[in-house]
Amino acid sequence: MQVTVEIYRQDAETGASRFDTFIREVDPKDRVLDVMMEIKDQDDGSIAFRKSCGHGVCGSDAMMINGINRLACQTLIQDLKGSLIRIEPLKGLKVLRDLIVDMDPFLASLQKVTPYFIPKTTAPVREQKQSIAERQIFDDTTKCIMCGACTSSCPSYWSNGEYLGPATFVKAHRFIFDSRDGGDAERIEALDDRDGLWRCHSIFNCTDACPRDIKITQAISELKRYIVARR
Amino acid sequence: MILHTLFEQCLKHEVRFFNEFYVLDMMVDDTACHGVVAYELATGEVQVFQAKAVFFGTGGYGRVFSITSNAHALTGDGMAMAFRRGLPLEDMEFVQFHPTGLRKLGILVSEAARGEGGILRNREDLDNIGSGKDGFMAAVAPTVKDLAPRDMVSRAIYNEIQAGRGIEGSGDTGSDYVYLDLVHLGADVINTKLPDISHFARKYLAVEPITEPIPVQPTAHYAMGGLPTDLDGRVLRDSKNTPVNGLYAAGEVACVSVHGANRLGTNSLVDIVVFGRRAGRDMTRYLKTAELGHIDPEPDAFIRGEIDRLQKGGGQENVATLRIEMQKVMMSRSGVYRNEENLTIARNTILELRERYRQVGVGDQSPYYNTELVEAIELGFLLDVAWTIAESALQRTESRGAHSRVDYPDRDDENWLKHTFITMAGENEVRFDFKPVSITKFQPKPRVY
Ligand SMILES: Cc1cc2nc3c(=O)[nH]c(=O)nc-3n(C[C@H](O)[C@H](O)[C@H](O)COP(=O)(O)OP(=O)(O)OC[C@H]3O[C@@H](n4cnc5c(N)ncnc54)[C@H](O)[C@@H]3O)c2cc1C
Ligand code: FES
């Protein structure tokens with residue numbers, strides 16, 4: 001089938017932007033990333049975008065495709081139901097060039113919730129066992145690949161870049177609900193804040209955008225309940 | 001999970017990251033490594049990192065082949081840099097092809113699928129889909145059937161295709177494929193025990209594994225060879241175990257050779273955890289007394305020259321064209337099955353492509369986020385690595401592990417119980433040295449299943 005691909009372009013120096021249009025013959029089962037790479041190989045090598053694993057594991061190619069945040073490597077042409085494909089950078093993060101956005105604020109937000117395992121005991125332990133049921137409680141939030149699709153789909157984040165954002169909550173959830181972790185105090189201080197959980201209005205954009213199908217809004221409400229219960 | 005845990009622990013320990021810096025050269029002299037030269041994607045600047053010790057963990061080179069499970073970033077950079085700087089690469093002929101990559105895409109369908117009872121089927125076996133009856137592997141490996149080692153299953157699939165029993169029956173190993181049948185396992189097992197695999201099949205091929213078989217073909221998966229190291233991750237400059245002071249490597253870029261000629265599934269991560277740690281420990285020991293070495297006045301001159309030539313040299317060759325030609329010739333002639341004629345063609349084609357690479361031009365003149373330039377540089381690395389694979393495979397006149405020579409089908413311990421060391425000896429010349437294999441507990445013996 002024939003598709004029209006419109007790709008957002010932005011000059012790194014001047015910030016001037018435009019859409020470039022390419023007409024391509026594709027297979028409906030081709031992936032958007034493959035089509036973009038073909039355009040880059042054959043039509044215009046200067047189109048800048050990130051990619052690596054090519055199968056939804058590394059999280060580097062999240063972008064807005066026909067208005068929805070998704071991974072280009074995981075989106076088939078036939079998923080888009082039409083012959084017009086419009087590719088734009090993630091919203092709410094500064095565009096550095098074309099489809100490449102500045103992920104630094106996103107990573108900085110993550111840092112605020114102490115995003116690493118803090119053992120409950122200081123005694124040296126070789127192995128801390130966990131039951132299947134204990135593990136299930138936070139299994140969903142371990143699936144995050146930090147692609148940024150959720151945070152950059154959130155209207156609360158667009159209006160306030162200081163807001164921690166859903167991806168950071170997912171990371172916090174992964175540790176707070178881990179039976180072996182003892183770092184609640186530090187994390188909750190950041191979460192229970194003006195720019196923390198309470199800015200989430202359960203709009204569900206994040207859950208819809210997540211390429212790993214993590215139930216993000218649910219994880220956020222679990223965190224909210226946990227914090228209220230602790231007060 | 002391992003990757004995220006590593007990242008989190010680095011944050012905890014305040015490791016300083018240089019995100020999107022591409023290392024393009026290493027500074028090594030006759031005694032030691034003194035740092036690296038890197039290209040900063042954000043600014044286009046070439047930066048020199050002088051260091052007392054350097055650790056390479058740049059991974060494998062799957063992108064040498066047209067069908068691979070590996071990420072786009074896996075272009076053999078670390079191996080190519082060392083090779084260009086006159087260091088040897090070990091056992092480059094041993095390339096693991098995983099039997100079950102998603103058709104055309106190469107995305108990995110892991111052993112879990114066959115571990116749970118998945119069965120490979122050819123076109124004469126379509127009536128048995130969903131029956132749970134044996135497939136073609138039963139004749140190849142009567143005891144373990146579909147759970148035979150990766151290399152054997154990959155060869156068996158190629159044999160089916162070559163005999164015209166691929167699903168399309170074209171006999172062309174590049175485009176044909178077989179089926180992986182999970183249907184008899186039922187929805188429960190498929191959904192709860194194989195969530196990733198079923199997700200991939202649904203997402204990428206729009207195939208429903210509960211009711212339909214999954215089209216698969218062998219996919220380039222793992223590099224057994226790489227930078228020779230000792231048990232402490234120290235990179236060796238020759239087959240006599242002389243270390244390059246301050247240069248360390250572990251993981252897929254390295255060849256500590258725990259995997260021999262054919263890695264077993266799940267062992268790569270064990271290798272990384274064990275030898276990454278050992279290398280780190282040895283580095284801290286080394287750093288206690290090491291001094292900053294003497295470096296060239298212009299250590300980045302070579303890389304600057306390359307970037308200049310690619311961007312400003314007016315070359316007319318296209319990166320994608322050369323890359324696709326390389327990937328095709330390596331897949332079809334230096335892949336699962338090899339022989340002298342094919343390997344010679346592969347080697348000669350790679351040498352021609354290296355020649356044409358000098359005429360490559362990059363259209364994008366911007367210094368900022370110039371991914372076209374990076375891809376051009378990566379192609380240079382890929383071509384050098386492809387060259388070492390083809391040359392090493394050509395000289396090993398036996399079949400061992402993942403290296404399967406149709407013209408020398410047997411393992412030949414008398415002549416070939418040794419590691420290959422390949423070194424650049426001139427623009428188009430290589431030199432070989434060998435190192436005996438150390439055998440401890442497990443004696444090599446024929447693999448019969
Ligand atoms: C799909 C898939 C599934 C697998 N499953 C398993 C499994 O279940 N069990 C198992 O044991 N093994 C498995 N393997 C193999 C294993 O994952 C790899 O061998 C392993 O990840 C290699 O780790 P590494 O740290 O050596 O390199 P990698 O994890 O490949 O990391 C290399 C890093 O170096 C970076 N890099 C490369 N070049 C440069 C440069 N020039 N400058 C800067 N950075 C650079 C890359 O961007 C990358 O981040 C699998 C492999 C694949 C592809
Ligand atoms: S390229 Fe890695 S997630 Fe898409």
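Predicted model: local features only at pLDDT ≥ 70, side-chain atom pairs only at ≥ 80, totals over all residues.
A polar contact is a pair of N or O atoms within 3.5 Å; within protein, one atom must be able to donate a hydrogen and the other to accept it. The side chain of Ser153(A) places a polar atom 2.7 Å from the backbone oxygen of Cys150(A). Ser153(A) belongs to the loop that runs between α3 and α4 of chain A. Its relative accessible area is 8%. Ser153(A) therefore counts as buried, since the cut-off for that class is under 20%. Beyond its neighbours within four places in sequence, Ser153(A) contacts Asn69(A), Trp158(A), Asn205(A), Cys206(A) and Ala209(A).

Met146(A) also sits in the loop between α3 (132-139) and α4 (155-159) of chain A. The phi angle of Met146(A) is near 55°, a positive value in a residue other than glycine. Met146(A) has a relative accessible area of 15%, so it is classed as buried. A positive phi is found in chain B too. Glu14(B), not a glycine, has a phi of about 55°. Glu14(B) lies in the loop between α1 (2-12) and β1 of chain B. Here the relative accessible area is 70%, so Glu14(B) is exposed.

The overall build of chain A is as follows. Chain A holds eight helices and seven strands. Its C-alpha trace spans about 60 × 35 × 30 Å along the principal axes. Of the 231 residues in chain A, 55% are buried. The accessible surface of chain A amounts to about 10500 Å². Carbon and sulfur atoms account for 49% of that surface. Contacts were also sorted by sequence separation. Among those in chain A between residues at least 6 apart in sequence, 64% link residues at least 24 apart.

In chain B, the assignment gives domain 1 in two segments, 2-95 and 222-287. Domain 2 of chain B covers 97-221. The C-alpha centres of the two domains of chain B are separated by 33 Å. Across the contact, 12 residues of domain 1 of chain B meet 14 residues of domain 2 of chain B.

Ligand 1 is surrounded by 23 residues. The closest are Val23(B), Asp77(B), Glu252(B), Thr266(B) and Ser268(B). For Asp77(B), a side-chain N or O atom lies 2.8 Å from a nitrogen atom of ligand 1. For Glu252(B), the distance from a side-chain N or O atom to an oxygen atom of ligand 1 is 2.6 Å. For Ser268(B), the corresponding distance to an oxygen atom of ligand 1 is 2.7 Å. On its own, ligand 1 has 1000 Å² of accessible area, and the protein covers 67% of it.

Four elements of chain B each give two or more residues to the shell around ligand 1: β1 (21-28), α2 (77-84), β9 (214-223) and α8 (267-287). The largest share, four residues, comes from α8(B). By class, the shell has 10 nonpolar, 10 polar and three charged residues.

Glu111(B) was also characterised. This residue is found in the loop between β6 (95-102) and α3 (112-115) of chain B. Its relative accessibility is 23%, so Glu111(B) counts as partly exposed. With residues up to four places away in sequence set aside, Glu111(B) touches His98(B) and Arg150(B). The side chains of Glu111(B) and His98(B) are joined by a polar contact of 3.2 Å. Asp176(B) is 65 residues from Glu111(B) along the chain, and the C-alpha atoms of the pair are 21 Å apart.

Notes. Residues numbered from 1 in each chain as written. Chains lettered and ligands numbered in written order. Heavy atoms only, no water. Near = heavy atom within 4 Å. Areas by Shrake-Rupley, 256 points an atom, 1.4 Å probe, with all protein chains shown as cover. Nonpolar A, V, L, I, M, F, W, Y, C, P; charged D, E, K, R; others polar. Buried < 20%, exposed > 50% of the residue type's maximum accessible area, 1.4 Å probe, protein only. Contact = heavy atoms within 4.5 Å. Domains from an automatic or database assignment.
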